[in-house]
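Here is a brief report on a predicted model. It covers domains, core and chain contacts.

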Amino acid sequence: MTLLTRRSFGLVLAAGTATLALPTYLRAQGKPRAVVIGGGAGGATAARYIAKDSAGAIDVTLIEASDTFTTCFFSNLYLGGYRTIESITHSYDKLKSEGITKVTGMAMGIDRAARTVTMADGVTIPYDRLVVSPGIDLIWDSVPGYSEELAQIAPHAWKAGAQTLLLKTRLDAIENGQQIVMVAPPNPYRCPPGPYERVSMMAHVLKAKGVQAKIIVIDPKEQFSKQGLFQAGWDQHYPGMIEWYGPDIHGGIKGVDVAAGKVETDLDTFEGALLNIIPAQRAGAIAISAGLADEKGFCPIEPDTMRSAMDETVFVIGDACIAGDMPKSGFSANSQAKVAAMIIRADLTASKAFPAKYSNTCWSLIETDNNVKVGGQYEPKDGKITATSTFVSKPEDGADVRKANYEESIGWYSGITADMFGA
Amino acid sequence: MRGNAGGKTGARTCWKPGGKLGGKLGGYPDRRSLSRTVGLSVAIALMAGPTVLCASDLSGLVGEVMALEGDREYGAYLAGECSTCHQLSGHTGGVPQIVGLPKDYFIEAIFAYKTKVRSNEVMTVRVENLSHEEIAALAAYYHSLSPH
């Protein structure tokens, strides 16, 4: 029995031949088709769960431009020397062997009236249900003077892969007396604790090599995720190495001169041998061009299903969507993907749909065996995805707890990548 | 492995409600959600005044859940959010393996996290609001599996 909301039931009654429900006998031939745009934590999970839980009843296509996927989560651990790039890069072969068709290429547009996705080479892919999980795009000029081209000199590394490798090379080349300047992003952005875990990992590398260098963080935000925990950790492990400036100190970011290695603020100009500029973000371009985003650049969804508020046959998950109290994280994308997959199977095969539940945990490594976490449980409530309970590591945690957090995060990484790419 | 279900349980076998369960409804929004979480008789006892839940009460809670018919299909759905860390293959790294556990052991572990006899912040929020029916469903599901 499909769990219908009052809204979708009304649409079934009103819309006669609508394919919203009971499609098994509306399709003249072949299986119902689910198409997924984006092969990351949201999209790969969605494709896998739709395919495996429907036992082959649904034709699943995954569109992803990369042949392999380097996770942005744990990329900081690669920067810190705790992981190799190979260990955080994953193949789609197991997904293909689970019956998912992978189309390697860039999805350029969605025709929502015709229900097709258009690829860069002009090929159109029809869908009955579409999952849009494109992640984020960077708003280059949100930091005046920055651009996509200049990211080859001042990497953002906020999309994993080539940018991550570039940042690592530049980090490893830092010498005594040099400075790294990070421009942190404004809210909302992918991975709230990410910039600060990155700062920790950079400091770890420098300290381990005995390099006397400083890391300056210019932050448009007055506060950040797990701030007390990070700052206590920096004081404990990296005294004198890290300086964080919020807007009340720096007075506003005026711009960046990448060639000269300078970040200008109202207070002062900061120079760095390495600039890590993380600009403001919005949903991936395809979500915006398809009319799925609001004026702020992220996509509203129905909290009990992950359906786009703009189109009932489209589901937006992961960083691109507005997920209420859930942070933009790989864990959240994986959690949202499972709800979307359940609803899509209910739509297409009349399988059972249960009330949506979501969860998240974000782990951050400050120094070896010192890992802090934050997370919660979430449910649809008051028209959005609302936290029902949350937790955060305590400042007084013992070293054994912080070490156990780290080991837990390793278990999670192994689990989520098995969830995404197949076990 | 039985009794206090292993883990960090040596410190206490009795639990005095404080924090979330201190006070008349102890932070629960209404009597129904309190009762759903700890069971009717325990909820009434808690609302009557400060009291102590001991290991014997835990076994009472376990008994209540064991008496329910766990809906395995519902458990399979609920397990979606567990299996990211507690992988179904049984390979889990720094996370306990739970595939194929005996139902009473599983249920007792859940209550141990609910009552903070075992402490892990992730587990606490995951199980905090699970009803008896949901715990029974999860126990049925995980018990029915074997690691690959």
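## Domains of chain A

Domain 1 of chain A brings 18 residues into contact with 22 residues of domain 2 of chain A. On the domain 1 side, helix α3 (residues 75-79) of chain A supplies the largest share, five residues. By class, that side of domain 1 of chain A holds eight nonpolar, eight polar and two charged residues.

## Nonpolar core

The largest nonpolar core counts 155 residues. A:Val132, A:Cys299, A:Val316 and A:Ala340 have the most contacts inside this core. Helix α10 (residues 330-349) of chain A gives the most to the core: ten residues. Domain 1 and domain 2 of chain A each contribute at least three residues to this core.

A:Cys299 shows what such a position looks like. Leaving out residues up to four places away in sequence, A:Cys299 touches A:Ala283, A:Ala287, A:Leu292, A:Ala293, A:Ser308, A:Val316, A:Ala320, A:Cys321 and A:Ile322.

## Contact between chains A and B

Chain A places 28 residues in contact with 21 residues of chain B. On the chain A side, at least two residues come from each of α10, β23 (358-367), β24 (370-381), β25 (384-392) and α11 (399-421). The largest share is that of α11(A), with ten residues.

By class, the side of chain A that touches chain B has 13 polar, eight nonpolar and seven charged residues.

Terms used
Residues are numbered from 1 along each chain as its sequence is written. Chains are lettered from A and ligands numbered from 1 in the order in which they are written. This is a predicted model: local features need pLDDT of at least 70, side-chain atom pairs count only at pLDDT 80 or more; totals for chains, interfaces and linings use all residues. Two residues are in contact if their C-beta atoms, placed from the backbone, lie within 7 Å. Helices (H or I, at least four residues) and strands (E, at least two) are DSSP runs, numbered from the N terminus. Ala, Val, Leu, Ile, Met, Phe, Trp, Tyr, Cys and Pro count as nonpolar, Asp, Glu, Lys and Arg as charged, and the others, Gly among them, as polar. A nonpolar core is a set of buried Ala, Val, Leu, Ile, Met, Phe, Trp, Tyr and Cys residues joined through C-beta atoms within 7 Å. A residue is buried if 20 or more other C-beta atoms lie within 10 Å of its own, exposed if 12 or fewer, and partly exposed in between; C-beta atoms are placed from the backbone. Domain bounds come from an automatic or database domain assignment.
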